[in-house]
Amino acid sequence: PFSTQGCGYESVRQYFHSRKAELTRQREKTKEGARHIFRHTRSHALDEVQIDEHLVDFKGRIYLQLDDTMIPLRIARATLITMVDVATDCILAYVLTPKGTISQEDLLALLDRAVTPWQPYPLTSPGLCYPPGAGFPNTVTNPCFLAMAQFSLDNAMTHYAISLRNLLCAQLGTSMNFGRPASPKSRNWVEHAFDLVNKRCSHRLPSTTGSHPRDPVRESKKNSKHAPVVTYQAYQEMLEVVLATHNATPQARLGNATPLAMLLHHREEFYSASPLDPLLGISKWAPFVTTQKVTLRSRTDGKKHRYINLFYVRYSGRCLNDLPADHKHILIEYDRRDVRSIKAFTLDGSPIGELLAPLSWQHYPHSLHTRRLIYQYVKTFKRHSHDPIAGYLHQLLENADQPATALEVLKIYTEIDPQHKGILLKETRASSTAPYQPASGAFRWGPDTAFKGGSHGP
């Protein structure tokens, strides 16, 4: 027992038991603090959830591939949308969208991300990793349906969208509180999340914009003439780690418990809904799918060809020609993320078939927001093409040196090519419904957003 090996074994054994007892006492103290907080508070988790958006104080870089040349471009500030629980200060979900102003599709994506099980982001930046226990409430191993009681938002026009109100009020059965105008302090917890992002992420980067024009951490004029060093993807990874780490950081006001542990403790102690809970009237979770009643129309030249007018174009299909002549209205169902095709139903819910947009809109997947943007562009600049999406992208590429235009290029690219494989872009006359196959020597492009170690296109 007095040998070197025996003394070492005894030392390790004593340290193991003392450390185990210390960690056990700390865990019990955390649980007791959480119970004390819940006993002496009137608000519980998910009683109130705050949503807001914020222009990140950061300008990143993307790469634009033209043939075999990689061109670095500076992009404008993206928008961060965050959902925070008031009682636990737990960040439920977030969306970083490459836009200057958000749309209702971005808010629907935020709600979808809060319900969809979270998976860790593939981190490629060296030295960047998740701390132990970091993450978000809804995971693959512990799925849950976050049933919120009230959503607090500001008075932005996007928050009044009918699609958002139908999803929250009609389908989820929650209430929406828009609050008083110009009162951001009434939603202080989501503003605190933005301040956290600025202090731990955005303001620590060399290409930050700072909080105001005279902020000393603001990027210098000399550096602002060139593309930043930090890429858009690297910022996405840093933002993911910062927000996930916040959920695993103990807070004194929570009895030394973490926001994530406090929220999970609430699930065990109180009622929480499960996915597709029949008690909530949810039989199918499809936040992007919208149903609408439309009018059937016929050609004036006497030919038996029926169609509907929707989203600035005509949708048609052979299934409409087989309907009786007394059918004047039908129901349609479409996904806001891709409006190239829609589903048609009779007024009693019987399926009719699939309706397609004109051939010129079939080449690339595009959202309803993008189509409206393109029609606004055509109306303003009086520029038409046989392929509207390709024509719009050509116009953007001609001015890609401008940060706002480069950000729009990134948005369109991630929408029509989510796998980041690169596309061949060339304006041609549409002739069939087959997938777009450009001729050889076409214009290859793709903002590769500096996906380190990834492919720059096929």
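What pLDDT does the protein average, and what share of the residues score at least 70? The average is 83, and 83% of the residues score at least 70; pLDDT is the predictor's confidence in each residue, from 0 to 100. The model is predicted, and local features need pLDDT of at least 70, while side-chain atom pairs count only at pLDDT 80 or more and totals for chains, interfaces and linings use all residues. Residues are numbered from 1 along each chain as its sequence is written, and side-chain values use heavy atoms, with hydrogens and water left out.

**Confidence**

- Helices (H or I, at least four residues) and strands (E, at least two) are DSSP runs, numbered from the N terminus.
- The pLDDT is below 50 over residues 427-458, a stretch that has 84 contacts in the model beyond near neighbours in sequence. Contact means heavy atoms within 4.5 Å.
- Where pLDDT is low, the predicted coordinates should not be read in detail.

**The five-stranded sheet**

- Five strands form an open sheet in the order β5-β4-β1-β6-β7, with mixed pairing. Two strands pair if DSSP finds at least two bridges between them.
- The edges are β5 (91-97) and β7 (175-177), each of which pairs on one side only.
- From one strand to the next, the twist averages 20°. Axes are lines fitted to C-alpha atoms, for helices over the stretch in contact, and angles run from 0 to 180 degrees between N-to-C directions.
- Three bridges join strand β6 (residues 150-152) to β7 in the parallel sense, and Phe151 stands opposite Met176 in β7.
- Helix α5 (residues 232-247) lies across β4 (79-85) and β5, and runs at about 170° to β5.

**The β13-β14 hairpin**

- Strand β13 (residues 338-345) pairs with strand β14 (residues 351-356) in the antiparallel sense over five bridges. The bridge partner of Ala344 in β14 is Gly353.
- Five residues lie between β13 and β14 in this hairpin, and Gly349 in the turn has a positive phi of about 95°.

**Packing of α2 and α3**

- Helix α2 (residues 104-115) packs with helix α3 (residues 162-171) at an angle of about 20°, and their axes are 9 Å apart. The two helices α2 and α3 are therefore roughly parallel to each other (angles under 35 degrees count as roughly parallel, over 145 as roughly antiparallel, 65 to 115 as roughly perpendicular and the rest as oblique).
- Gln104, Leu107, Leu108 and Leu111 of α2 make the contact with Ser163, Leu164, Leu167 and Leu168 of α3.
- Six of the residues in the contact of α2 with α3 are nonpolar, two are polar and none is charged. Ala, Val, Leu, Ile, Met, Phe, Trp, Tyr, Cys and Pro count as nonpolar, Asp, Glu, Lys and Arg as charged, and the others, Gly among them, as polar.

**Packing around α8**

- The axes of helix α8 (residues 368-381) and helix α9 (residues 388-398) come within 10 Å and cross at roughly 70°, so α8 and α9 are roughly perpendicular to each other.
- In that contact, α8 contributes Leu373, Ile374 and Tyr377, and α9 contributes Pro388, Ile389, Gly391, Tyr392 and Gln395. These residues comprise six nonpolar, two polar and no charged.
- α8 also packs with helix α10 (residues 403-416) at an angle of about 135°, their axes being 11 Å apart, which makes α8 oblique to α10.
- His369, Thr370 and Leu373 in α8 meet Glu408, Lys411, Ile412 and Glu415 in α10. The contact of α8 with α10 has two nonpolar, two polar and three charged residues.
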